[in-house]
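Welcome! Let us take a walk through this structure together, one step at a time.

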Amino acid sequence: RNALGTFSTRTYRHSSEEGRAIEVARFVDQPSFSHWTYATIGLSNTKWPELGRPRVELLLATSVDDASVCGQILANLAFHLADTTFFPEPGVMVRDVIGALGDGDLSQRLPHVYVTVPRSWGLSLPIDDGPPAITLAQVVPMSEAEYLVWRRNYATFEGILAQRKVDLTDLRRAG
């Protein structure tokens, strides 16, 4: 709330463990006017096996306000990361996060997610010095073609996206 302002939340339950849940917040006009930000609340309770890792929450920026899908993307990824203790380090691609949702066209066009630094919000990280520190990671839906570009050029991937002027908030993009 201190970082992004007022929000509403929705609770998502783990598919195989009813007792496990995560909240996903929805912020209006974040990171800019006529955009929405969705953010996990609770992934930062996950302790990573590597010493010194900060706690983390996930952000997704979108120009398409679809609370059920956007929240489900973050909840699905958060449960996967917590279950596998795979830290969402900037620059990694997580395959089939959206594809596994079976959300028709979106799951086919943008089945994967890319994790990056949340620059669009202009926040100072970490958002809480802790201990343990709590930081944020941006989640960006990706197509299979974008995944293949990342595999060949992961070190320069974000530059390639910028050069191609890809709107990373557009969930309707062809990919």
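A charge is said to sit over a ring if NZ of Lys or CZ of Arg is within 6 Å of the ring centre and within 35 degrees of the ring normal. Here, Arg95 lies over the face of Tyr147, at 4.2 Å from the ring centre. What you see is a predicted model, in which local features need pLDDT of at least 70 and side-chain atom pairs count only at pLDDT 80 or more, while totals for chains, interfaces and linings use all residues. Residues are numbered from 1 along each chain as its sequence is written, and side-chain values use heavy atoms, with hydrogens and water left out.

Now step back to the whole chain. Four helices and seven strands make it up; these are DSSP runs, numbered from the N terminus, with at least four residues of H or I for a helix and at least two of E for a strand. Along the sequence, their order is β-β-β-β-α-β-α-β-β-α-α. The C-alpha atoms fill a box of roughly 40 × 35 × 30 Å along the principal axes. Of the 175 residues, 43% count as buried, which is to say under 20% relative accessible area with a 1.4 Å probe and protein chains only; over 50% is exposed, and in between is partly exposed.

Two strands pair if DSSP finds at least two bridges between them. β1 and β2 run antiparallel and are joined by six bridges, and Thr9 has Ala25 in β2 as its bridge partner. On to the next pairing: β2 also pairs with β3 (residues 36-41), again in the antiparallel sense, over six bridges. There, Val24 has Thr40 in β3 as its bridge partner.

Finally, turn to the rings. Rings of Phe, Tyr and Trp (its six-membered ring) pair if their centres lie within 6.5 Å; planes under 30 degrees apart count as stacked, over 60 as edge-to-face and the rest as tilted. The structure holds four aromatic pairs. In one of them, the centres of Phe7 and Phe27 are 5.1 Å apart and the planes are at 50°, so the pair is tilted. This pair links distant parts of the chain, as Phe7 is in the segment before β1 (8-13) and Phe27 is in strand β2 (residues 21-28), 20 residues apart. Are these two residues buried or partly exposed? Phe7 counts as partly exposed because its relative accessibility is 21%, whereas Phe27, at 5%, counts as buried.
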